Amino acid sequence: MTQIEANAAAGDVVEKDRTRSKRYGWRDVLKAIFSGRTGTMFVLGIASGIPFAALIGTLNAWLTQSDIRVSTIGVISFIGLAYSFNFLWAPALQRSSVPGLGRLGRRRSWMLFFQAVTVFAFILIAFSDPQGNLAAMTGAAAIAAFASASFHVVVDAWRIEVADDDAPLDLLSSVYQFGFRSAGFLAGAVALLLAERLGWGTTYLIVAVIAVVCLILTFWAREPRRYDADGAFAIEPAVGGDLKPEIRLYILAPVLLGWAYAAFALFGFMVSAVTSDPPPSASAFTRGSGPFIVLASVFSPALAGVAIIFLRKRAGALGASSAAWAVSPLGRRVLEISDILYASILAPMAELIGRLRWAALIVLLLALSYRFTDAVWGAFAYTFYLGDPAAAAGALHHSLDDVFIASKTFGVAMTIAGIGLGGVLLLKFGRMPILLAGAVLAAGTNLLFADLALGASAMDAFLGFTQLDHVFGSFGLDQ
């Protein structure tokens, strides 16, 4: 959860005791479903999902069909990091509105601004040529990813702030996910069908038109009214002020520097990959800089959490600020921003490590196993499905229609079924056993893709042994 979301969620504390025992009848449910905020939430879910699907997936299909190198496509996929690190600039959106659009309200002005930027970036992408000017297309995609990731933050805060008894947060969250997944189908599956028939440029113009419609409908979003006279959110979350403010800053600074190094290294390599001829070696970059990037971006917050636990046991590190510079206006502002980031990043990590101790390492590795599998495979899925075997060894060279049927239709159905099965197994066997099993299975699925790339001999043997090939054949489906 980003800080702007945490600030929004804090406002629900005052209602907690009253709503905990709230029971909803069918009339209440129907009233909530057909409320204006629920409809707006669905639109905002679509507005969030359209750029995500169009940039993190569909764009790679276009690049693959344009014969862009696999390594270059992987590098361009770095734009997805904007969605992982949007909490870093979330504090800048918390206490301000877009200059000149203040009348629209803080949340709504930012939503409209980021949607407008995304539409403009999509138009640039639509008129770009991957073969002729890949750098321009990549730049437009990076701008769209940054704007879309920022839009996610503001929408999450809006959803929490407008929720009440008439439109409960759980319902709004469910409607948001329904809109987000529906947009993924539009900008993923339907976009493949359109691109096969109309071309990629026209397809992205249609995506931009859908985004414009969502932008227009956003004007009807009700601006939350839950701020104090100074414009700050009515209830700010606790920072965990047991450590001195300047000590919190000193612990946070190395983490932010590590992330700055990781971002500079990744995006510097990304720029070189799309502007240099020949491009730099991706494997050499991974071997040389990869371990340092992982240490700087993933393990530095964990080490900071350990440092927080250690310092909390020392009396000299506790209490109010004792630094002379902290009382100046600039010093107070720096500490205010650092406290927001500290509460968002390091305080939860320290709490997790303090509660689980060495077991926190298992939790961290477990989370990384899920993200690593998805991050590695997700960037190259379309390249594997659509690529020419002569250009990328093991590529399957299917059509866009084939991918629509297998990945975006059958695959979505299996995802929904897996979510349901996972929920049942969690209730039956508990959280950790199922999460561990899921991590192993998620990693194991890469072996299936490896078998496909090598000719699918193991898969053919399995289908023959289980007679599933005959089952598929009865529905007119071949292997």
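Visitor: How many helices and how many strands are there in the protein?
Guide: This is a predicted model, and the protein in it has 20 helices and 0 strands.

Visitor: What share of the residues counts as buried?
Guide: Of the 479 residues, 41% count as buried. The protein exposes about 25000 Å², and carbon and sulfur atoms supply 69% of that area.

Visitor: What share of the contacts joins residues at least 24 apart in sequence?
Guide: If you take the contacts between residues at least 6 apart in sequence, 78% join residues at least 24 apart.

Visitor: Let us turn to pairs of helices. Why are H8 and H9 called roughly antiparallel?
Guide: Helix H8 covers residues 106-126 and helix H9 covers residues 134-162, and the two pack at an angle of about 155°. Angles over 145 degrees count as roughly antiparallel, so H8 and H9 are roughly antiparallel to each other. Their axes are 8 Å apart, and H8 passes H9 in a left-handed crossing.

Visitor: How do the residues of the contact of H8 with H9 divide into nonpolar, polar and charged?
Guide: They divide into 18 nonpolar, 4 polar and 2 charged.

Visitor: What makes H4 roughly antiparallel to H11?
Guide: Again, the angle decides. Helix H4 (residues 36-65) and helix H11 (residues 200-218) have axes that cross at roughly 170° and come within 10 Å. The cut-off for roughly antiparallel is over 145 degrees, and therefore H4 is roughly antiparallel to H11. H4 passes H11 in a left-handed crossing.

Visitor: Which residues make the contact?
Guide: On H4 they include Val 43, Leu 44, Ile 46 and Trp 62, and on H11 they include Trp 200, Tyr 204, Ile 210 and Cys 214. By class, the contact of H4 with H11 has 15 nonpolar, 4 polar and no charged residues.

Visitor: Why is H12 called roughly perpendicular to H14?
Guide: H12 and H14 pack at an angle of about 70°, with their axes 9 Å apart. Angles of 65 to 115 degrees count as roughly perpendicular, so H12 is roughly perpendicular to H14. The crossing of H12 and H14 is left-handed.

Visitor: Which residues of H12 and H14 meet?
Guide: Among them are Glu 246, Arg 248, Leu 252 and Trp 259 in H12, and Ser 338, Asp 339, Tyr 342 and Leu 346 in H14. The contact of H12 with H14 has 13 nonpolar, 1 polar and 3 charged residues.

Visitor: Now for single residues. How do you know that Gly 57 is buried?
Guide: Gly 57 has a relative accessible area of 7%. Buried means under 20%, so Gly 57 is buried. Gly 57 is found in helix H4. Gly 57 and Tyr 382 are 325 residues apart in sequence, and 7.1 Å apart in space from C-alpha to C-alpha.

Visitor: Why does Ala 273 count as buried?
Guide: The relative accessibility of Ala 273 is 8%. The limit for buried is under 20%, so Ala 273 counts as buried. Ala 273 is found in helix H12, residues 245-275. Ala 273 touches Thr 72, Val 75, Pro 279 and Pro 280, not counting residues up to four places away in sequence.

Visitor: Why is Leu 104 called partly exposed?
Guide: Leu 104 has a relative accessible area of 22%. Buried means under 20% and exposed over 50%, with partly exposed in between, so Leu 104 is partly exposed. Leu 104 is in the loop between helix H7 (90-94) and H8. Leu 104 and Phe 219 are 115 residues apart in sequence and 8.3 Å apart in space, C-alpha to C-alpha.

Visitor: What makes Arg 357 exposed?
Guide: The relative accessible area of Arg 357 is 60%. Exposed means over 50%, so Arg 357 is exposed. Arg 357 lies in the loop between helix H14 (329-356) and helix H15 (359-378), and has a positive phi of about 55° although it is not a glycine.

Visitor: Ala 456 has a positive phi too, near 65°. Is Ala 456 buried or exposed?
Guide: Ala 456 has a relative accessible area of 11%. Buried means under 20%, so Ala 456 is buried. Ala 456 lies in the loop between helix H18 (431-453) and helix H19 (457-466).

Conventions. Residues are numbered from 1 along each chain as its sequence is written. This is a predicted model: local features need pLDDT of at least 70, side-chain atom pairs count only at pLDDT 80 or more; totals for chains, interfaces and linings use all residues. Side-chain values use heavy atoms; hydrogens and water are left out. Axes are lines fitted to C-alpha atoms, for helices over the stretch in contact, and angles run from 0 to 180 degrees between N-to-C directions. Helices (H or I, at least four residues) and strands (E, at least two) are DSSP runs, numbered from the N terminus. Angles under 35 degrees count as roughly parallel, over 145 as roughly antiparallel, 65 to 115 as roughly perpendicular and the rest as oblique. A crossing is left-handed if the near helix is turned anticlockwise from the far one by less than a right angle, and right-handed if clockwise. Ala, Val, Leu, Ile, Met, Phe, Trp, Tyr, Cys and Pro count as nonpolar, Asp, Glu, Lys and Arg as charged, and the others, Gly among them, as polar. Buried means under 20% relative accessible area, exposed over 50%, partly exposed in between (1.4 Å probe, protein chains only). Contact means heavy atoms within 4.5 Å. Accessible areas come from the Shrake-Rupley method with a 1.4 Å probe; for residues, only the protein chains shown count as cover.
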